[in-house]
Amino acid sequence: GGADVFANAVKAMSGGKFEISVHAGGELMPAFGVVDGVQNGTVEMAHTVPYYFYGKNPAFALGSAIPFGFNARQMTAWMIHGNGRKLMNEFYANYGMVSYAGGNTGTQMGGWF
């Protein structure tokens, strides 16, 4: 998956000096516990989708897809050219996190209605 590709690219670009171990959801902590895991230092990073953490704060959903929201191209444009990444990272700072795009699925309607 995407996390493996990222981990391999980081290892290759660092000449093997920086290695990221990839674990399946639920292997180190509950799958939806990764924000807590990053906050308390159990893990140093997580690869996830922010809308899973809507229950912690509804603003998490704005970092991904929301019903009737941006399509993939619009979300990328907002993040890169419309200060979306800056605004989301200001929000994530409250949780001791910084975000980077790891893909973009666009709005997913299944389960939203």
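Lys86 and Glu90 both sit in helix α4, four residues apart, about one turn of the helix. Helices here are DSSP runs (H or I, at least four residues), numbered from the N terminus. The model is predicted: local features need pLDDT of at least 70, side-chain atom pairs count only at pLDDT 80 or more, and totals for chains, interfaces and linings use all residues. Residues are numbered from 1 along each chain as its sequence is written, and side-chain values use heavy atoms, with hydrogens and water left out.

**Exercise 1.** Find what joins the side chains of Lys86 and Glu90.

Solution. 
Step 1. An α-helix has 3.6 residues a turn, so residues three or four places apart point the same way.
Step 2. The two side chains, of Lys86 and Glu90, meet in a salt bridge at 2.9 Å, N to O. The term requires a side-chain nitrogen of Lys or Arg within 4 Å of a carboxyl oxygen of Asp or Glu.
Step 3. Lys86 is partly exposed, at 48% relative accessibility, and Glu90 is partly exposed at 44%. Buried means under 20% relative accessible area, exposed over 50%, and partly exposed in between (1.4 Å probe, protein chains only).

**Exercise 2.** State which residues of helix α4 are buried, and how they are placed around the axis.

Solution. 
Step 1. Helix α4 covers residues 84-92, and its buried residues are Gly84, Met88, Asn89, Phe91 and Tyr92.
Step 2. These residues lie on the same side of α4, because they cover an arc of only 155° around the axis. The arc is taken from the directions from the helix axis to the C-beta atoms.
Step 3. Helix α3 is included in what covers the buried residues of α4. Contact here means heavy atoms within 4.5 Å.

**Exercise 3.** Describe the aromatic pairs that Phe60 forms with Tyr92 and with Tyr95.

Solution. 
Step 1. A pair of aromatic rings is described by the distance of the centres and the angle of the planes. Rings of Phe, Tyr and Trp (its six-membered ring) pair if their centres lie within 6.5 Å; planes under 30 degrees apart count as stacked, over 60 as edge-to-face and the rest as tilted.
Step 2. The structure holds 10 aromatic pairs. Phe60 and Tyr92 form a tilted one, with 5.9 Å centre to centre and 45° between the planes. This pair links distant parts of the chain: Phe60 is in the loop between α2 (34-39) and α3, Tyr92 is in helix α4, and they are 32 residues apart.
Step 3. Phe60 and Tyr95 also form a tilted pair, with 4.9 Å centre to centre and 55° between the planes. Tyr95 is in the segment after α4, 35 residues from Phe60.
Step 4. Phe60 and Tyr95 are both buried, and Tyr92 is buried as well.
Step 5. One aromatic cluster is formed by Phe32, Tyr51, Tyr52, Phe53, Phe60, Phe91, Tyr92 and Tyr95.

Conventions
Helices (H or I, at least four residues) and strands (E, at least two) are DSSP runs, numbered from the N terminus.
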